[in-house]
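Please examine the structure shown below before reading on.

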Amino acid sequence: MLAEQGYACEPDPRCRRAEILTRHGRLGEATAIWDAVAADTPDDVWVFNNAGLEYGAVGEHETALPWLTRALEIAVRSGDPERLVSQLRDLRAASLSALGREPDDLQTTEPVGFRAPARPMSSATEIAAAFRGSARSPVTWAWLPAEEYAELTERWPDLADSALVLNETGDLVSYPQYCRRMERRIREASEAGVAGIRIVSLRWSEFTKWVADNHPDEDDAARLRARYAADLGRDRSRVIAWPPGRNDPCWCGSRRKYKKCCGAPGPNGSR
């Protein structure tokens with residue numbers, strides 16, 4: 001290998017082999033290389049950036065996120081001499097979104113000694129950049145059907161505190177409003193370049209059994225939900241393709257045509 005012959009580059013030349021293995025689905029072999037390089041160079045932001053980028057590009061967002069988090073932490077702490085913070089935020093935002101998680105404080109923490117630019121990016125540009133890493137692989141969105149939404153605070157308490165389901169006064173929105181908000185988020189992702197969007201419905205009894213069988217010691221509700229949704233996304237009988245045809249039944253289960261339900265324009269023409 002070139003690395004064994006003294007070839008040098010940034011990041012570590014071993015990462016090139018890990019990239020190739022990742023893109024060909026040989027994730028076990030790739031992970032062993034990434035882990036070895038990270039152990040040898042624990043403060044090399046390029047290594048963590050490279051691994052996170054490649055995992056995200058093949059849709060492995062659960063694996064990508066810790067690498068991107070570590071890279072962004074290094075960049076912020078060091079003052080971002082490599083000028084990677086903007087890229088890392090974009091990549092990390094894509095993984096957070098794909099996993100159904102809200103942006104955290106790290107997404108807005110500025111590097112040591114940072115001075116804000118005179119003209120920030122437009123929101124449209126930021127949205128497009130945030131989802132760019134997901135455009136090459138299907139993304140599965142978890143959705144609560146009506147009977148699950150009715151039990152939201154008891155069964156899904158962390159979701160009950162999210163902006164997706166709360167109105168301006170802190171009360172839960174109606175179920176149709178929840179579905180319209182889901183539609184809006186999915187549409188924004190699609191318009192930003194995310195392809196192959198799929199929706200899966202969550203059922204509490206099935207979810208709790210899956211957790212007990214697969215991750216009994218995990219207590220991060222959002223992480224578990226994202227993993228479960230990804231598993232359901234592999235079962236074609238459970239997947240709802242988005243968007244439906246205009247005259248097809250709406251994905252939300254209302255039995256109305258999509259164009260007259262979640263796909264209908266809002267009062268101001270927005271969707």
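This is a predicted model: local features need pLDDT of at least 70, side-chain atom pairs count only at pLDDT 80 or more; totals for chains, interfaces and linings use all residues.

Residues are numbered from 1 along each chain as its sequence is written, and side-chain values use heavy atoms, with hydrogens and water left out.

Q: How many helices and strands does the secondary structure of the protein come to?
A: Helices (H or I, at least four residues) and strands (E, at least two) are DSSP runs, numbered from the N terminus. Read from the N terminus, the elements follow the order α-α-α-α-α-α-β-α-α-α-β-α-α-β. The totals are 11 helices and 3 strands.

Q: What percentage of the residues of the protein count as buried?
A: Buried means under 20% relative accessible area, exposed over 50%, and partly exposed in between, with a 1.4 Å probe and protein chains only. The protein has 271 residues, and the share that counts as buried is 42%.

Q: Which residue joins its side chain to that of Thr69 in a polar contact?
A: Thr69 belongs to helix H4, residues 61–78, and is buried because its relative accessible area is 16%. Contact means heavy atoms within 4.5 Å; beyond its neighbours within four places in sequence, Thr69 is in contact with Arg92 and Leu106. A polar contact is a pair of N or O atoms within 3.5 Å; within protein, one must be able to donate a hydrogen and the other to accept it, and residues adjacent in sequence count only if both atoms are side-chain atoms. At 2.9 Å, the side-chain partner of Thr69 is Arg92.

Q: Is Thr153 buried or partly exposed?
A: Thr153 is found in helix H8, residues 152–155, and its side chain makes a polar contact of 3.1 Å with the side chain of Glu154. Leaving aside neighbours within four places in sequence, Thr153 is in contact with Ala160 and Leu172. Its relative accessible area is 43%, and therefore Thr153 is partly exposed.

Q: Which has a phi near 55 degrees, a positive value in a residue other than glycine?
A: The residue lies in the loop between H4 and H5 and is Asp80. It is buried, with a relative accessible area of 9%. The residue with this phi is Asp80.

Q: Is Arg255 buried or exposed?
A: Arg255 is found in the segment after E3 and has a positive phi of about 75 degrees although it is not a glycine. Its relative accessibility is 79%, so Arg255 counts as exposed.

Q: Which residue is joined to Trp242 by a cis peptide bond?
A: The bond has an omega of about 0 degrees.

Q: What distance separates the C-alpha atoms of Trp141 and Ala230?
A: Trp141 is found in strand E1, residues 139–143, and counts as buried because its relative accessibility is 11%. Not counting residues up to four places away in sequence, Trp141 touches residues including Ser97, Arg185, Ile186 and Val200. Trp141 and Ala230 are 89 residues apart along the chain, with a C-alpha separation of 8.5 Å.

Q: How many charged residues does the lining of the second largest pocket have?
A: Ala, Val, Leu, Ile, Met, Phe, Trp, Tyr, Cys and Pro count as nonpolar, Asp, Glu, Lys and Arg as charged, and the others, Gly among them, as polar. By class, the lining has 7 nonpolar residues and 1 polar residue, and the number of charged residues is 3.
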